[in-house]
Each structure stands twice: as C-alpha cells, then as structure tokens.
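Visitor: I would like to check the labels against their cut-offs. Show me the model, and then I will ask.

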Amino acid sequence: MSEEIPIPFEKKDSEMVFIINGAIDIYNEKRIKTEILNSLSDEIKSVVLDMSQAKTIDSSGICMLIILKNQYLKNYFNCSSE
C-alpha cells in the first residue's frame, strides 16, 4: 500500500499547478483526484500536473488522469472530451 503524501500546489493567477509525488496507483488515485477537484474553482482556467517527482503510475493512475481531465472539462467548461 502506498503512503499518503499531501499534494502541494501553487496558484498563479488563473493557473493551478499540482506537484504529484510518489506513486499514482490503485491505493491513492481516488484521494489524488478528490484533492485536486476540491482545490479548483471557477477562476482557474488552466491546470498543470507536475509529475516530475512521481515515482510510478499504474493503470488505475492512468485511468484517474483521464477521468480527472473529463470531470474538469465538464465542471468548469461545460464540455466533454468525448
């Protein structure tokens, strides 16, 4: 099981940069997605996931990234990527 590492972020004007550390896997992908979505607001127009410090990503993590993108587009831009 992966350890829970907080997700640091920086807000720059209308951009939010999240720094992903450690593993993005089945054990923490839901927490990562929830933390990111809960940190966003209507004023954020751009989201960057800095994964330069991520150690591993499994198929659950990849799926979470796709779901995160789709939810962001739906919630903040009223559109779908499908």
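Guide: Start with E43 and K11, whose side chains meet in a salt bridge, N to O at 2.0 Å.

Visitor: Why is the pair E43 and K11 called a salt bridge?

Guide: The rule asks for a side-chain nitrogen of Lys or Arg within 4 Å of a carboxyl oxygen of Asp or Glu. The pair has 2.0 Å from N to O, so it qualifies. E43 sits in the loop between α1 (29–39) and β3 (46–57), and K11 in strand β1 (residues 9–12). They are 32 residues apart, so the pair links distant parts of the chain. Helices (H or I, at least four residues) and strands (E, at least two) are DSSP runs, numbered from the N terminus.

Visitor: What kind of model is this, and which residues count?

Guide: It is a predicted model: local features need pLDDT of at least 70, side-chain atom pairs count only at pLDDT 80 or more, and totals for chains, interfaces and linings use all residues. Numbering runs from 1 along each chain as its sequence is written, and side-chain values use heavy atoms, with hydrogens and water left out.

Visitor: How many salt bridges does the rule give?

Guide: Three. Another joins E10 and K12, N to O at 3.7 Å. That value is within 4 Å, so the pair passes. R31 and E35 meet at 2.7 Å, N to O.

Visitor: Where do R31 and E35 lie?

Guide: Both are in helix α1, four residues apart, about one turn of the helix. An α-helix has 3.6 residues a turn, so residues three or four places apart point the same way.

Visitor: Is R31 buried or exposed?

Guide: Buried, at a relative accessible area of 17%. Buried means under 20%, exposed over 50%, and partly exposed in between (1.4 Å probe, protein chains only). E35 has 28%, so E35 is partly exposed. E43 at 46% counts as partly exposed, and K11 at 45% does too.

Visitor: What covers the buried residues of α1?

Guide: The buried residues are E29, R31, I32, K33, I36 and L37. Their cover includes β2 (15–24), β3 and α2 (59–77). Contact here means heavy atoms within 4.5 Å.

Visitor: What makes a set of residues a nonpolar core?

Guide: Its members must be buried Ala, Val, Leu, Ile, Met, Phe, Trp, Tyr or Cys, joined through side-chain atoms within 4.5 Å. The largest such core has 13 residues. F18, I20, I32, I36 and L40 have the most contacts inside it. β2, α1 and α2 each give two or more residues to this core. β2 gives the most, with four.

Visitor: Which residues does L40 touch?

Guide: M16, F18, V47, Y72 and Y76, not counting residues up to four places away in sequence.

Visitor: How do you know that β2 and β3 pair?

Guide: Two strands pair if DSSP finds at least two bridges between them. β2 and β3 have nine, in the parallel sense, so they pair. E15 stands opposite S46 in β3. β1 and β2 have four bridges, in the antiparallel sense. There E10 stands opposite V17 in β2.

Visitor: What order do the strands of the sheet have?

Guide: The open sheet of three strands runs β1-β2-β3, with mixed pairing. β1 and β3 are its edge strands, as each pairs on one side only. The twist averages 15° from one strand to the next. Axes are lines fitted to C-alpha atoms, for helices over the stretch in contact, and angles run from 0 to 180 degrees between N-to-C directions.

Visitor: How do the helices lie on the sheet?

Guide: α1 lies across β1, β2 and β3, at about 170° to β2. α2 packs on the sheet and touches β2 and β3, with its direction at about 175° to that of β3.

Visitor: Why is the β-α-β unit called right-handed?

Guide: The test points the strands away from the viewer: the path from the first strand over the helix to the second must run clockwise. β2, α1 and β3 make a right-handed unit, so their path is clockwise in that view.

Visitor: What makes D13 stand out?

Guide: Its phi is near 55°, a positive value in a residue other than glycine. Most residues other than glycine have a negative phi. D13 is in the loop between β1 and β2. Its relative accessible area is 76%, so D13 is exposed.
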